[in-house]
Amino acid sequence: ISGYVGADTVAAILACHLADQAETSLLLDIGTNGEIALGNRERILTCAAAAGPAFEGAKIRYGMAGLPGAINRVRIEEDLTYTTIGGEPARGLCGSAVVSLTAQLLNAGLMEPSGRLKTPVELGDDYPAPLRARLCTVDGKPALLVAAQAEGAVKDIFFTQQDIRETQLAKAAIAAGIRILLKEMGMTASEVKTLYLAGGFGNYIDHHEAVRIGLLPEELADRVVPVGNGAGAGAKMVLLSRDYLQKAREIRAKTTYLELSTDRDFQDHFVESLEFR
């Protein structure tokens, strides 16, 4: 389709049958470039949001791919608890943990909507002591101890203030891209029938937490359908069927790519999307 929206996006559109529907749906594949498609059987708009690699575990101090030992879910109540892929000792944070941590920090009041981590002094003595004890500094900057080596993790694992900033930039780029496509299509998020989440990250995030941090539109919280490896599924469909090969060509022909860097409203939407909900 373009230099940043390629055959993998065509295949994912094919796999979720977005181009066969009368109603308009949204497809989102979150990676270093967040490919976004919005459309129906008449028209499809696409764009690529430069989200950076935060949701793939890169540029996160203790980030890693979604492999055994990666922390993938976090809950913060009286203390912080987590799960890891495969139930193995914690080795790092994968993308779904980045979303989960950010949402849980907001819910627990440990972080301001601006993204600033609070200090134990700000929280006060009435706040649960185990949580206050997790707030610390790494290289002189605020951080949260997520998993401790003394409690079974492979090493001490922190979620830092810089990690939160990387998450903000990534989620703002995706959210702004969605807004631009909706504006160009002349519709609101509430009019979107389904939000398809493609790729490994989209398959494993808690979409309610993704809505909580402003990554996904809140109007679509209950319309999310994970489609897994949409690119791989679509590629198989094309390899096994000439009809699907023709359908892929038709998708390409009716798809328009929007370059976000030249859109006058993108920067405004990006800045507005930096704040957490």
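Student: Let's start with the strands: in which sense do strand 8 and strand 9 pair, and over how many bridges?

Tutor: Strands count as paired if DSSP finds at least two bridges between them. Here strand 8 (residues 141–147) and strand 9 pair in the antiparallel sense, over four bridges. Leu145, for one, stands opposite Phe158 in strand 9. Before we go on, keep in mind that this is a predicted model: local features need pLDDT of at least 70, side-chain atom pairs count only at pLDDT 80 or more, and totals for chains, interfaces and linings use all residues. Residues are numbered from 1 along each chain as its sequence is written, and side-chain values use heavy atoms, with hydrogens and water left out.

Student: And where do the strand and helix numbers come from?

Tutor: They are DSSP runs numbered from the N terminus: helices are H or I with at least four residues, strands are E with at least two.

Student: What is the strand order in the sheet of three strands?

Tutor: The sheet is open, has the order 7-8-9 and shows antiparallel pairing. Strand 7 (135–138) and strand 9 (157–160) are at the edges with a single partner strand each, so one side of each has no neighbour in the sheet. On average, neighbouring strands here are turned by 50° against each other, direction ignored.

Student: Which strands of that sheet does helix 2 touch?

Tutor: Contact means heavy atoms within 4.5 Å. As for angles, they run from 0 to 180 degrees between N-to-C directions, and axes are lines fitted to C-alpha atoms, for helices over the stretch in contact. Helix 2 (residues 95–108) packs on the sheet and touches strand 8 and strand 9, its direction making about 65° with that of strand 9. Helix 5 (residues 161–185) also packs on the sheet, touching strand 8 and strand 9, and its direction makes about 55° with that of strand 9.

Student: How do I read helix 5 against helix 10, and at what angle do they pack?

Tutor: Two packed helices are described by the angle between their axes and the distance between the axes. Helix 5 and helix 10 (residues 266–274) pack at about 130°, with axes 8 Å apart. That makes helix 5 oblique to helix 10; under 35 degrees would count as roughly parallel, over 145 as roughly antiparallel, 65 to 115 as roughly perpendicular, and the rest is oblique.

Student: Which residues meet there?

Tutor: Among them are Gln168, Leu169 and Lys171 in helix 5, and Phe266, His269 and Phe270 in helix 10. The residues of this contact divide into nine nonpolar, four polar and three charged. In that scheme Ala, Val, Leu, Ile, Met, Phe, Trp, Tyr, Cys and Pro are nonpolar, Asp, Glu, Lys and Arg are charged, and the others, Gly among them, are polar.

Student: At what angle do helix 8 and helix 9 cross?

Tutor: The axes of helix 8 (residues 230–240) and helix 9 (residues 242–253) cross at roughly 120° and come within 5 Å. Again, helix 8 is oblique to helix 9. Met237, Val238 and Leu240 of helix 8 make the contact with Arg242, Tyr244, Leu245 and Ala248 of helix 9. These divide into six nonpolar, no polar and one charged.

Student: What is the order in the sheet of six strands?

Tutor: This open sheet runs 11-10-1-2-3-12, with mixed pairing. Strand 11 (224–228) and strand 12 (255–257) stand at the edges, each having a single partner strand, so one side of each is left without a neighbour in the sheet. Neighbouring strands are turned by 20° against each other on average, direction ignored. Strand 3 (residues 44–50) pairs with strand 12 in the parallel sense over three bridges, and the bridge partner of Thr46 in strand 12 is Tyr257.
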